[in-house]
Amino acid sequence: MNTGIMDHLALWTAAFLTLGIISFLYRDNVWYKICEAVFVGASAGYWFVTYFWDNIYGKFWVGVFPGDPSRSPDYALLVGGALGLLMLMRLIPKIGWLSRWPLAFIVGATAGLNLIGYFASNVMVQVADTVRPLLGADGGASLYDVIGNVVVAVGTFTALIYFFFSKEHKGAFGGAAKVGIFVLMVTFGASFGYTVMSRMSLLIGRIDFLLGDWLGLIK
């Protein structure tokens, strides 16, 4: 088939699906449900094929049965294959409980592997930034860095005071707790704003596609 016809077909299909998803802003409708089903089905098919060739074939099959005589089989992969086979036992109600074993292994292994990474990135880095010297390690920090260090130190200290309920929030202690509330609100607002902006970026991308690539109204 002509490449130009295929390009136009893909363009109109993308526009049809984009408008179908946006139509949910009006109300739930058949057009949206069709586009949603296409998206879910295409995503499931894509990830099934990707996982099959990357993991089942690329790692398990090639690892256990290497075509290269110079490579020795890695029979430890049979353990992973057996766990994966046990996951499919969920499809058989009488022995569906066997699928709990690989599920427990996945949850435990994932938690253990991510524990160190998340602890280093979400805990230790934040602790290190909080206790950073206000004037820098050698006292040569710029005014911008000094202000930033003071804001982080004051914000962390006052936010911790807000969660300290063993003392009544009155006087200077109560004032510090109110500053902590302000810091928390700014933090939550920044996180929410970041989430909104990321969604707006996706919307702008689709509008740019509709008005630019599809209708040609903007260049």
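Student: How do you know what helix H2 (residues 30–64) should span, and how far apart are its end C-alpha atoms?

Tutor: This is a predicted model, where local features need pLDDT of at least 70, side-chain atom pairs count only at pLDDT 80 or more, and totals for chains, interfaces and linings use all residues. Residues are numbered from 1 along each chain as its sequence is written, and side-chain values use heavy atoms, leaving out hydrogens and water. A helix is a DSSP run (H or I, at least four residues), numbered from the N terminus. The expected span is 1.5 Å times one less than the number of residues. The 35 residues of H2 should therefore span 51 Å, and its end C-alpha atoms are 48 Å apart, which agrees.

Student: How does the reach of H6 compare with the length expected?

Tutor: H6 has 44 residues and reaches 63 Å from its first C-alpha to its last, close to the expected 64 Å.

Student: Why is Met197 called exposed rather than buried?

Tutor: Met197 is placed in helix H6 (residues 171–214). Buried means under 20% relative accessible area, exposed over 50%, and partly exposed in between (1.4 Å probe, protein chains only). The relative accessible area of Met197 is 56%, so Met197 is exposed.

Student: Which residues are buried in H6, and which in H2?

Tutor: In H6 they include Phe173, Leu184 and Phe209. In H2 they are Tyr32, Cys35, Thr50, Gly63 and Val64.

Terms used. Helix = DSSP H or I, 4+ residues; strand = E, 2+ residues; numbered from the N terminus.
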